[in-house]
Amino acid sequence: MRKTGESPIVKELVLIGGGHSHVAVLKQFGMKPMPGLRLTLITRDIHTPYSGMLPGYVAGHYTYDESHIDLRPLAQFANARLYNSEVQGLDLETQRIHCTDRPSIPFDTLSINTGSRPNTISVPGAKQFALPVKPIDGFLQGWTEIVEQARNTNDRFRVVVVGGGAGGVELTLSIQFRLQNILRSAGKPIDRLDCILISASDEILPTHNTRMREKFMRVLAQRNIRSLAGNAADRVTQHGVHMQDGAFVAADAVLWVTSASAPNWLQESGLEADQQGFVKVNNCLQSISHPNVFAAGDVASV
């Protein structure tokens, strides 16, 4: 008989993703173990980034360690198996999870907290030439390269952020702050840095109230950040962004912070989902089509 510690295993609880919700779940099980339950965490990132601190990390306010959570000691505290792998498929009929370079993992109860990623599929060239803000580990690697590029070039450096929502506005301000400080430290003039924010909506922060929008328009103007609203990106090349009205915005780096999409394996799983592929859940974050599956964070649609 399978055992966990001294108790026979009667339930397999699997957590996919090391997001904020699952960090709390691991902590709670560590504080109050449940006999007979085997807990498994599947995560692509052992050091999971805390997305709320991402703009502060980009701006240079936080170090890498301050803005990341090491899942290994947390999993050990919760007596959970930790699989450093990426999910490739979910078989709801056999209740098994298929991962990269690992045998399939059975579950009785499943929770999904993988986050989302910007939707670049509909814009030609975005996947090849733009850096999406999610998944965050990929973004941070690309951001490090952008920092070095800005530090080492003696020419004008142009950064374009596509996406005029809260994430795009906050990230643009953080990027400018960090790169200006880097240029100052290198003894280079900060006016050689150009930051441009592109919003397909008629205004930036379209889901916020008028007062908030006006305030951030003033902030962007004071910081000499150019805002291009009411004009969507049509395609991206290695030299910049071609707009739907025919204009061209030259760029040395393009960052993508647009509407989110769900992972492909999740969209193909058979879980009932909304139009963006996010799992439809009730007020208990329980899948409305499969009661033994839960979803939390960006990947859930309440």
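**Close-up 1. Ser 85 in the loop between β7 and β8.** In this predicted model, Ser 85 lies in the loop that runs from β7 (81–84) to β8 (87–91). Is Ser 85 buried or exposed? Its relative accessibility is 8%, so Ser 85 counts as buried. The side chain of Ser 85 reaches over to the backbone oxygen of Thr 100, at 2.9 Å. Leaving out residues up to four places away in sequence, Ser 85 touches Ile 42, Thr 43 and Arg 44, along with Cys 99, Thr 100 and Arg 102.

Close-up 2. Which residue does Arg 44 pair with at 2.9 Å? That salt bridge goes to Asp 137, with 2.9 Å between the closest N and O atoms. The pair ties together distant parts of the chain: Arg 44 sits in the loop between β4 (37–43) and β5 (47–49), Asp 137 is in helix α5 (residues 136–152), and 93 residues separate the two. Asp 137 is partly exposed, with a relative accessible area of 30%. Arg 44 also forms a salt bridge with Asp 45, where the closest N and O atoms are 3.6 Å apart. Asp 45 has 16% relative accessibility, so this residue counts as buried.

Close-up 3. Side chains of opposite charge can pair when their charged atoms come close. Here the side chains of Arg 72 and Asp 70 meet in a salt bridge, 3.4 Å from N to O. Both partners are partly exposed: Arg 72 has 44% relative accessibility, and Asp 70 has a relative accessible area of 28%. Elsewhere, salt bridges with shared partners join Arg 44, Asp 45, Glu 86 and Asp 137 into one network. How many salt bridges are there in the count? The tally comes to eleven.

**Close-up 4. Strand β3 and the strands beside it.** Strand β3 (residues 11–16) is mostly covered, with five of its six residues buried. β3 pairs with β4 in the parallel sense, over six bridges. Lys 11 stands opposite Leu 37 of β4. Getting from β3 to β4, the chain passes through helix α1 (residues 20–31), and this β-α-β crossover is right-handed. β3 also runs parallel to strand β11 (residues 109–112), and four bridges join these two. Look for Ile 16 here: its bridge partner in β11 is Ile 112.

**Close-up 5. A cis peptide bond at Pro 135.** Most residues other than glycine have a negative phi, and most peptide bonds are trans. The peptide bond from Lys 134 to Pro 135, though, is cis, with omega near 0°. Pro 135 is found in the loop between β13 (131–132) and α5.

Close-up 6. Asp 101 isn't a glycine, yet it has a positive phi of about 55°. Where is Asp 101? Its place is the loop between β9 (96–99) and β10 (102–106). The relative accessible area of Asp 101 is 79%, so this residue is exposed. Asn 224 is not a glycine either, and has a positive phi of about 60°. Asn 224 sits in the loop between α7 (210–222) and β16 (226–229), and at 68% relative accessibility counts as exposed.

Terms used
Residues are numbered from 1 along each chain as its sequence is written. This is a predicted model: local features need pLDDT of at least 70, side-chain atom pairs count only at pLDDT 80 or more; totals for chains, interfaces and linings use all residues. Side-chain values use heavy atoms; hydrogens and water are left out. Buried means under 20% relative accessible area, exposed over 50%, partly exposed in between (1.4 Å probe, protein chains only). A polar contact is a pair of N or O atoms within 3.5 Å; within protein, one must be able to donate a hydrogen and the other to accept it, and residues adjacent in sequence count only if both atoms are side-chain atoms. Contact means heavy atoms within 4.5 Å. A salt bridge is a side-chain nitrogen of Lys or Arg within 4 Å of a carboxyl oxygen of Asp or Glu. Two strands pair if DSSP finds at least two bridges between them. A crossover is right-handed if, with the strands pointing away from the viewer, the path from the first strand over the helix to the second runs clockwise.
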